[in-house]
Amino acid sequence: MSSLNVTARSSLCLVIGDPIAHSLSPAMHNAGYEALGLPFVMAAARVSPEQLADAVRGMRALAIRGLAVTMPHKVSIIPFLDRLDPVAKAIGAVNTVVNDNGTLTGHNTDWIGIVNPLMRIAPLKGVRVALLGAGGAALAAAYGCSAQGASVTIFNRTPEKARPLAALCGGEVRSLAEAASIRDFDIIINTTSVGMGESAGESPIPADVITQRHIVFETIYHPFSTQLTKDGEARGARVLRGFDMFIEQGLAQFELHTGVKGPREVMQRILIQSLNP
Ligand code: ATR
């Protein structure tokens, strides 16, 4: 890290969430600002659900330029904003806020984090996506893939919980217990939490349903490799990781906050150092 170059003219951005201490966003964004010589700085603020309204009011009072928004605020922040961009509105969740002279607009770049890495491998039109999970990350994945013309089938432990998501993207719902049928799909995207925290070392699906025809996209970024990505590699599938998603959503966020494209290589390097794969 080189010297700190923060002045009274610097624009302040914050990543907010609870917990937040392990967020990689400040390291990634600050490395990008510094490489481009942009007068920006990002810090992290732990904001509890009870304090969210005050935090957004504070953002206005302090003229904070932008927010990166993470769990558990991606949906609950919406009523406190002035505008939503159409995609954030369709997804119903916000991971980026931009403050333009006091007008706060909510955006969603999570779907870009899923779609861009996939589209670099192949177009999504007409492909069959097996989406594992039905929570917040699944929402962005379902929106992104169906907007690009893929058909999405949601596999969830609790199928009933996946119905609203299925209605949103016009997809079908199956139980995770029916994972054998995943063999017939083109892309597998894991948005469940299986593979991190207490379930590190576990995979949401049996390894033998993965074939070399599959693209396996794991949205967990910590740990860098999960049982699912290991199984995917062992079975000859192409594998994308939470790392690929995190950098892409972060680059789109960087551009919304600063108005310029982020330096991918620099931001990727700092992320790899932090994740220590
Ligand atoms: P996020 O917003 O990060 O996607 P979430 O909203 O808590 O997280 O969603 C977690 C997802 O992981 C859900 O789809 C959940 O399945 P249920 O709807 O059945 O609860 C899934 N999940 C969590 N633990 C799981 C487990 N042990 N096995 C299978 N699925 C699991």
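Predicted model: local features only at pLDDT ≥ 70, side-chain atom pairs only at ≥ 80, totals over all residues.
Stepping back, E4 and E6 are part of an open sheet of 6 strands with mixed pairing, and the order across it is E2-E1-E3-E5-E6-E4. Strand E2 (40-46) and strand E4 (83-84) form the edges, each pairing on one side only.

## Around the ligand

Which residues come closest to the ligand? The shell holds 15 residues, with Ala134, Gly136, Asn156, Arg157 and Thr158 as the closest. Sorted by class, this shell has 5 nonpolar, 8 polar and 2 charged residues.

In the side chain of Arg157, an N or O atom is 2.9 Å from a ligand oxygen. For Lys161, a polar side-chain atom lies 3.0 Å from an oxygen atom of the ligand. Ala137 uses its backbone instead, placing an N or O atom 3.2 Å from a ligand oxygen. On its own the ligand has 640 Å² of accessible area, and the protein covers 68% of this.

## The largest pocket

If you like to look for open space, the largest pocket has a volume of about 1300 Å³. Its lining counts 41 residues, and those nearest the centre are Thr70, Met71, Lys74, Met196 and Tyr221. By class, the lining splits into 20 nonpolar, 19 polar and 2 charged residues.

Several elements supply at least two lining residues each: strand E3 (66-69), helix H5 (136-147), helix H8 (242-258) and helix H9 (264-275). Which of them gives the most to the lining? That is H8, with 5 residues.

## Backbone details worth a look

Two cis peptide bonds deserve a mention if you plan to inspect the backbone. One runs from Asp18 to Pro19, with omega near 5°, and Pro19 sits in the loop between strand E1 (11-17) and helix H1 (25-36). Another joins His222 and Pro223, where omega is about 10°; Pro223 is in the loop between strand E11 (215-218) and helix H7 (227-234).

Finally, Ala63 has a positive phi of about 55°, although it is not a glycine. You will find Ala63 in the loop between helix H2 (52-61) and E3.

How values were computed. Residues numbered from 1 in each chain as written. Heavy atoms only, no water. Near = heavy atom within 4 Å. Polar contact = N/O pair within 3.5 Å; in protein donor to acceptor, adjacent residues only side chain to side chain. Areas by Shrake-Rupley, 256 points an atom, 1.4 Å probe, with all protein chains shown as cover. Nonpolar A, V, L, I, M, F, W, Y, C, P; charged D, E, K, R; others polar. 1 Å grid on protein atoms, 1.4 Å probe; cavity = no way out; pocket = protein on both sides within 12 Å on 5 of 7 lines; lining within 4 Å. Points joined across faces, edges and corners; volume = space filled by probe spheres on them. Helix = DSSP H or I, 4+ residues; strand = E, 2+ residues; numbered from the N terminus. Pairing = 2+ DSSP bridges.
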